[in-house]
Amino acid sequence: MADALTLLHHWAKAAEADWSTIPNHPNYGVYGTGYNGWGVQTQQKYLAALAVLATTQAVLPGLDREWALARALSALRFNLASHISGDTVCLCGAPWGHTWISALGIERMMFAMRLLSPHFTDADHAALGRVLTSEADWLLTDYQRGLHRGISATKWNHEGGNDPESNIWNGALLWRTAEMYPDHPHADDWRERAHCFLLNGVSIETDANDDTIIAGKPLSERHIGPSFFPNYSLDHHGYFNVGYMVICVSNVAMLHFDLKQSGLPRPESLDLHIHDLWRVLRRFIFADGRLARIGGDTRVRYAYCQEYLLPALAFAADYLNDAHAEDLIERQLELIQTEASHNADGSFYSKRLTSLRHESPLYYTRLESDRACAIAQLITYREAISQPTAPEQSFEESVAGGWIEPEYGAVFHRSPKRLASFSWRAFHLAQGLCQPPGDGHLAEWEFNLGGRVEFCHHPKPGGAEKTKMHRRILRHSVQKIEGGFVTTGAVMEGVDITMAESFHATDSAIHQGAYAALPDGHTMVGLHHCRMGPRRGYVASIKGLHLNLPNDLYNTLQRKVNCTNGEHTLSAPPAGDTTLDLQSRWANIENRVGVVGIYGADSLQVHRSSERRAGPLQSLHVEQLCWPLIIGPQKFEAGEMILDAGWAVLSSVDTRTTQAVTATTIDTDLADIRAVAIVGQDGKRYVFAANFGDEPATIKLHTFGVAKEVLLTPGQAELCITKH
C-alpha cells in the first residue's frame, strides 16, 4: 500500500489550497466550503484521510504526522461542534444533521475514529458520542426522506421510495452506535431499527413471503418493499444505476470492516442478498477496474461511485471470497495514479475538472475528498482482509455469460472478446455498449449506440435527472439468446419543446430501435427508424449510431482511426467544433473496435468538440462516430423519415477484419420492415429483421439461407442463423 499512501500524502499537501481555520476559532479548521450538506461530508472525508496519514507506521519522505494529526483533529472538532446537537454552525450559517443523508458522511469517516481515539480528549469522546446518539435517536423516532416519513422501499424511483443506499447507511449508523454505547437506554431500540433499515436495503419482492429467521424474526415481518428488481437491477435516480449498486455494497463494507477491526458483533441483517447482488455487480466491471455503467451516469466520469468500488472490492475479497477482487483493486489504483500523474500537483482532478473547480468549489472538493477517503479506507481495511481462495478461472471466464432484467428493459452479455449491453431505461434512455471487456477507456455511455435525434428548442441538459425530459420511453422488449441477445423498443423524441414563447409542442417523433448481440462473440447490429409525427418539426441534429469514443488523459489525448482512405489521428481537444468525414463505410479504432455502415448513409463521420462533453458535468473529451450525421436545423414534414439506418459494431477486431465484414440489406418490399444479412466472426450468416410498422408482416428469407418465413408483429425483431 506504499503507492496508495504516497498518493494520499501528495493529495493532502495539495489540499492545503482549500484548507482554512474558522474565524474566531483557531482550534477549528475546515477543508472545502464548510457548508452544510456536501460540505459536511467533504469535511468528514478529509479528516478521515488525514487521520490515516497521522497514524501510519510507514516511512514516507516528507510526511509530518503531527501536522496531519492537527489537521484531522481540528476538522473533526469543528464538524462535531457544528452538528445540530452542538454549540456552533457550519460556515453557511446553519447547523448540520438530522436528515436522511446525515449518516452518510459519518459512516465514511468512522473508520478513522479508531485511529484517532488514542489522541482524543475527554471532550472529544463526549462530542462524538453526542453526535452519534443524537443521529441515532432521530433515525429511531423522526426519520424522513423527502415527503415520506419512516423507512421506505420501492422498486421504481417514481414511486418515491427507492432508497436502498440510505437505508443501508442509516441502519449501519444505528447498529454501530448501539454497539459503541451498549448501556444507552435506547440501544436495544436502535438495534431493532437498524435491522428494519438494513433488511430494506438490498431487498427484493420475494422477501415479502420469506419466513427465514433473521435476528429473531421472519424476514417478511420487517420487509417494507423491494428496493431492487428480481435480477438486481436498480432504478435509482430514475435510471439503471450501476454506480449506486456499488454505493450499497460500499456501505455494507464500511460497517463490516469497522466492526471487524473493533471487535464488535455484526448484525445478521447486513448480509441480506449481498452475495447475489455482488455476483451481478462484478460483471459490470471492466478488467481494468473501471465500472461499466451500462445504464449511464449523471456524475463525473471515473469519480464518486467509482471511488467507492475500492471498499466494495476489499469487502468482496474478505467476506465474499472473490478471488479476483484484489487484482481489480490494483487496477483501479492504477487508474487513480494515471490521473494523479497527469495533474502533477498532487491533486486528483485539477486538470480534467478545471471548469468545475471554478464553477463549484463545493462540488469539486467533494469529489477530491471522495477519492482521498476511499483510498484511506482501503489502506486501513487492507490489513483486515482474509486471503480469498486462489482463482479457478480467469476474471473474464468468471463473469462470462448473459444477464437480463425483462421488466426493466436491460440485457447484457459478456465473453472474452466482447462486453455487449443494451439498457432502455438508461439515464438518457436507449443506451448500448459493444467493446472489449478489458478496456474501460473506450467507454462513454451517453446516448451510446442508441442514436440521437435532437429537436430544436428541447430542454437543454443540466446537472440533474431533468436532462431526460425531452425523451420518453414508450416500450421495450429484451430477450436472451445463446451467446448474445435481441432487443427492440421505442422512445418518443421531442417531448415538451417550446419555441420563443409562442409555440409549445410535445411527442414530436417516435424513434424505434432494434439491436442484436450476435452469438459470434464480437458483433452487435443496430437498426434505427425514426419518423416525424403528425406535424412539421425542426431537428437540430441527427446522429445515427452515435458511437462515443473517449479521447482524454487515459489514452494520452490521442486516438487513431483507420478507414478506406488510410489512418486519421484525432488529437484532443480540436481547435473548434468540427466534423470529419471519413469518406468510408467502415472504420476501425486502434485494432480494437470496428464499425460498419450497412444502410442509411454514404460515409461514417466523426463529430468533434473542443469542449469536454461526457455527462451533465462534461468530464471527458469525446469523439462521436455517426452513421449518418446531419447538423441542422433541418425541417421535416408530418410523417417524413428522420433517421433510417443500420450498422454493425465489432469488438476486439483489427482493421483488416473490419474491412472484410460482409453486410448487406434485404429488400422485403415492405415499407417499415428492415432486414440485414451479415457474416459473423464465427463464419455463420446472420439475418436480422425488425418490424417498425403498425401491422404484422411476413418476411420470406429463403434466398438468404433461412428455410422459413418469419412473421413479425409490430415492434418485433428476430435473429436467424444459417451457415455461410
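Guide: Cys 563 counts as buried, because its relative accessibility is 5% and the cut-off for buried is under 20%. This is a predicted model, so the values are computed from predicted coordinates. Cys 563 is in no disulfide. Its nearest cysteine sulfur belongs to Cys 626, 15 Å away. A disulfide needs the two sulfur atoms within 2.5 Å. A disulfide is a covalent bond between the sulfur atoms of two cysteines.

Cys 456 is also without a disulfide. The nearest cysteine sulfur is that of Cys 530, at 14 Å. Cys 456 has 14% relative accessibility, so this residue counts as buried. A search of the whole structure returns zero disulfides.

Now the sheet. Four strands form an open sheet, in the order E19-E26-E25-E22. The pairing is antiparallel. Strand E19 covers 547-550, and strand E22 covers 578-581. Both stand at the edges, each with a single partner strand, so one side of each has no neighbour in the sheet. Neighbouring strands are turned by 25° against each other on average, direction ignored.

Strand E25 spans residues 605-608. E22 and E25 pair in the antiparallel sense, over four bridges.

Technical notes: Residues numbered from 1 in each chain as written. Predicted model: local features only at pLDDT ≥ 70, side-chain atom pairs only at ≥ 80, totals over all residues. Heavy atoms only, no water. Pairing = 2+ DSSP bridges. Helix = DSSP H or I, 4+ residues; strand = E, 2+ residues; numbered from the N terminus. Axes fitted to C-alpha atoms, helices over the stretch in contact; angles between N-to-C directions. Buried < 20%, exposed > 50% of the residue type's maximum accessible area, 1.4 Å probe, protein only.
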